[in-house]
Amino acid sequence: MLSSALTSPQADPSIADLIADRPALSMHAMDGLVLEDVPLTTIARAVGTPSWVLSAGTLRARLALLQDAFTAIGARVHYAVKANDHLAVLSLVRAAGTGADVVSQGELLRARQAGITPDHIVFSGVGKTVADLDTAIATDIAQINVESAEELDILAAVACRLGRTARIALRINPDVDAGTHAKITTGRADNKFGIGLQDAAGLYAHASALPGVEPVGLALHIGSQIAAMAPYRDAYTRVAELVRGLRASGHVVRRLDCGGGLGIRYRDEVAGSPIAFATTIRQAFGTMGLELIIEPGRWLIGPAGLLLASVVLTKTTGQRQFLVLDAAMNDLLRPSLYDAWHGIVPLSPIDAMAPVAPVDVVGPVCESGDTFARNRPLPDLPPQSQVAILDTGAYGSVMSSTYNARPLAAQVMVDGARWSVIRARQPHEALWTGESVPDWLTA
Ligand SMILES: *Cc1c(COP(=O)(O)O)cnc(C)c1O
């Protein structure tokens, strides 16, 4: 089971394999671990740790691969902004001609701030507020994915008040098992997402009759970190049938948003293939005359990022060896939340070649859940030495908190031999900015 990945005794890839598997990473005898053309020790020394580092070249290359595969089948790519919403990321997304899939007013405003035009923005999410809908409709974005009958009525009222007509798609919950971690599966009947297949036709008819909305099609998104094409195929078969049924009843269905969820290799998973994904979509819908959209997040940005951390100390408690880092669950939540496995690679070439022994890699936060890895084969790493936690570009920095009053880490972008800080480390004073102590409390 994926849920035991953190502790599973199966063989972990070696440090050399982790590096060899990632085209932007290399180990140099003098410079140590290098991302594109920048030694990571240079960044660690200048910016400190913990720090997020993004490879612009990796994101650009992955955007091009995905765009090529989907342009070939006439589909549009919308990047799922929630995976990493930094403006520098969104500006590379815009430059590639990729659109945005947003799930909040904040993400919509970020996408606009990065210059992504409203006709390239789709809005998803199970609980859009009136304020979210106001912004989306006033901005005249391409499409709003509606997730319930209740939301449809609220949306119609907002659109009428604004004197607009909102293009909508109904998000269908096709009730398939995406074969992924329970916390990131979204297409089962007992998940909160979407509209049940049995209710879809009735609601589509209702939407067609409502003022203020124009139903343009359907949407679905069955989960995240999906390794195989079979769950997509199952879901798309059901949705294609629904499209045919709606059309047979005289409805116009011209657009289909096929969702995201394409997985990447963190440990030994088979990474999702854009070509296979495009082929699956073409086989399901290729002859139906639909405008096709996909919404990948993780696949695009996940492999483009890493988290730099320093070793605080090593300690032995009973039988266990602990490596305590200066990064923690407040920075990277995925191991705590999803039992996610991330590669951990020393920056020093000497450390990277030293003999390994199992160690638990943890952060300093006062929670036992603040654990990045259990029984990880790593060399003996001295205090102040540094490591890179790999594949943290997606659902990394965006999920950070300041728990334990730990400031948000710095963010850096590398592009070839150039690099820049793209978000300064949060100063401690910023932790209490906006807080006030009422006069009456101390009077
Ligand atoms: C999160 C999400 C995505 C992106 O999922 P990934 O696994 O990152 O590709 C796409 N669409 C919707 C509606 C989402 O909620």
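Contacts first: heavy atoms within 4.5 Å count. Take those in the chain between residues at least 6 apart in sequence: 70% join residues at least 24 apart.

A word on the source. This is a predicted model, where local features need pLDDT of at least 70, side-chain atom pairs count only at pLDDT 80 or more, and totals for chains, interfaces and linings use all residues. Residues are numbered from 1 along each chain as its sequence is written, and side-chain values use heavy atoms, with hydrogens and water left out.

Overall build next. The chain has 14 helices and 21 strands; these are DSSP runs, helices H or I of at least four residues, strands E of at least two, numbered from the N terminus. The radius of gyration is 23 Å, close to the 22 Å from the globule rule for 443 residues, so the chain is as compact as a globular protein of that length. That radius is taken over C-alpha atoms, and the rule is 2.2 Å times the number of residues to the power 0.38. The C-alpha trace spans about 70 × 65 × 45 Å along its principal axes.

Now the inside. Of the 443 residues, 55% count as buried, meaning under 20% relative accessible area with a 1.4 Å probe, protein chains only. A nonpolar core joins buried Ala, Val, Leu, Ile, Met, Phe, Trp, Tyr and Cys through side-chain atoms within 4.5 Å. The largest has 83 residues; Phe 70, Ile 144, Ile 168, Leu 218 and Phe 285 touch the most other members. Helix H9, residues 230-248, gives the most to this core: eight residues. Apart from it lies another core, of 42 residues, including Ala 44 and Ile 389.

Methods: Buried < 20%, exposed > 50% of the residue type's maximum accessible area, 1.4 Å probe, protein only.
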